[in-house]
Structures are given as structure tokens and as C-alpha cells.
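Okay, thanks for coming, everyone. Let me put the structure up, and then I'll walk you through it piece by piece.

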Amino acid sequence: MSKSSHPKPLSAEVNQFVESLDDDAREYFEERAGIAEYEAGLTREEAERFAMEQTRVRFKLSTF
């Protein structure tokens with residue numbers, strides 16, 4: 001995986017999750033987080049947690 005230019009997530013749990021993603025899943029996560037933060041008005045931390053759950057569902061990833 002290439003070095004990411006994305007900001008490090010605020011939560012250690014979310015950061016650990018995104019570090020395990022391939023490039024496609026990471027891009028999906030970042031898009032969902034951005035939409036949730038800027039369009040839905042969530043805080044960055046809330047948006048990242050929302051995006052984590054959406055990414056888990058979309059890519060059928062384990063919750064553990």
C-alpha cells in the first residue's frame with residue numbers, strides 16, 4: 001500500500017482500522033467521512049466512526 005496523504009484519524013481505534021485497509025477501502029472510508037462531516041454536520045470524530053461502520057459493511061469486514 002502506498003503512503004497515504006490522508007489525515008490520521010482522531011481515534012486510535014479508527015486509526016488502527018484504516019491502517020489495515022487496502023487503497024480502495026481507504027478511499028471509500030475517506031469519502032464517507034468527508035461527506036458525513038461536511039454534508040451531515042457531524043464532528044470529525046463522529047464522521048470517522050460513521051465511515052468506519054459504512055466501510056465495514058461495504059467491504060464485508062469483521063468488526064473485531
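**The aromatic pair**

So, counting by our ring-pair rule, we get one aromatic pair. The partners are Tyr28 and Phe59, and their arrangement is edge-to-face, with 5.5 Å centre to centre and 80° between the planes. Keep in mind that what you're looking at is a predicted model. This pair ties together distant parts of the chain: Tyr28 sits in helix H2 while Phe59 is in the segment after H3, 31 residues apart.

Arg32 lies over the face of the Tyr28 ring, at 4.0 Å from the ring centre. Arg58 also lies over the face of Tyr28, this time at 6.0 Å from the ring centre.

While we're in the segment after H3, have a look at Lys60, which is located there too. Lys60 has a positive phi of about 50°, and it isn't a glycine. With a relative accessible area of 76%, Lys60 is exposed.

Next up, H1, which runs over residues 12-19. At its start, a side-chain oxygen of Ser11 comes to within 3.2 Å of the backbone nitrogen of Glu13.

Which residues of H1 are buried? They are Val14, Asn15, Phe17 and Val18. Because they cover an arc of only 160° around the axis, these four end up on the same side of H1. Over on the other side of H1 you find Ala12, Gln16 and Glu19, which are exposed.

And what do the buried residues of H1 pack against? The answer is H2 and H3. Take Val18 as a case: skipping neighbours within four places in sequence, Val18 is in contact with Pro9, Arg26 and Phe29.

That brings us to the largest nonpolar core, which has nine residues. For those of you clicking along, select Val14, Phe17, Val18, Leu21, Ala25, Phe29, Ala33, Ala51 and Met52. H1, H2 and H3 each put at least two residues into this core.

Let's start with Thr55, in helix H3. Its relative accessibility is 0%, so Thr55 counts as buried. What does Thr55 touch, once we leave aside its neighbours within four places in sequence? Its contacts are Phe17, Leu21, Ala25, Tyr28, Phe29, Lys60 and Leu61.

Now hop over to Glu30. Thr55 and Glu30 are 25 residues apart in sequence, and C-alpha to C-alpha they are 9.5 Å apart in space. Glu30 belongs to helix H2, which spans residues 23-38. Beyond its neighbours within four places in sequence, Glu30 is in contact with His6 and Pro7.

Last one: Leu42. You'll find it in the loop between H2 and helix H3, the latter covering 44-58. At 30% relative accessibility, Leu42 counts as partly exposed. Not counting residues up to four places away in sequence, Leu42 touches Ala36, Glu37, Ala47 and Phe50. Its C-alpha and that of Phe17 are 25 residues apart along the chain, and they are separated by 20 Å. Thr55 and Glu30 are also 25 residues apart in sequence, with 9.5 Å between their C-alpha atoms.

**Wrapping up**

Okay, that's me done. Over to you.

Technical notes: Residues numbered from 1 in each chain as written. Predicted model: local features only at pLDDT ≥ 70, side-chain atom pairs only at ≥ 80, totals over all residues. Heavy atoms only, no water. Contact = heavy atoms within 4.5 Å. Buried < 20%, exposed > 50% of the residue type's maximum accessible area, 1.4 Å probe, protein only. Arc of directions from axis to C-beta. Polar contact = N/O pair within 3.5 Å; in protein donor to acceptor, adjacent residues only side chain to side chain. Core = buried A, V, L, I, M, F, W, Y, C linked by side-chain atoms within 4.5 Å. Phe/Tyr/Trp six-rings, centres within 6.5 Å; stacked < 30°, edge-to-face > 60°. Lys NZ or Arg CZ within 6 Å of the ring centre and 35° of its normal.
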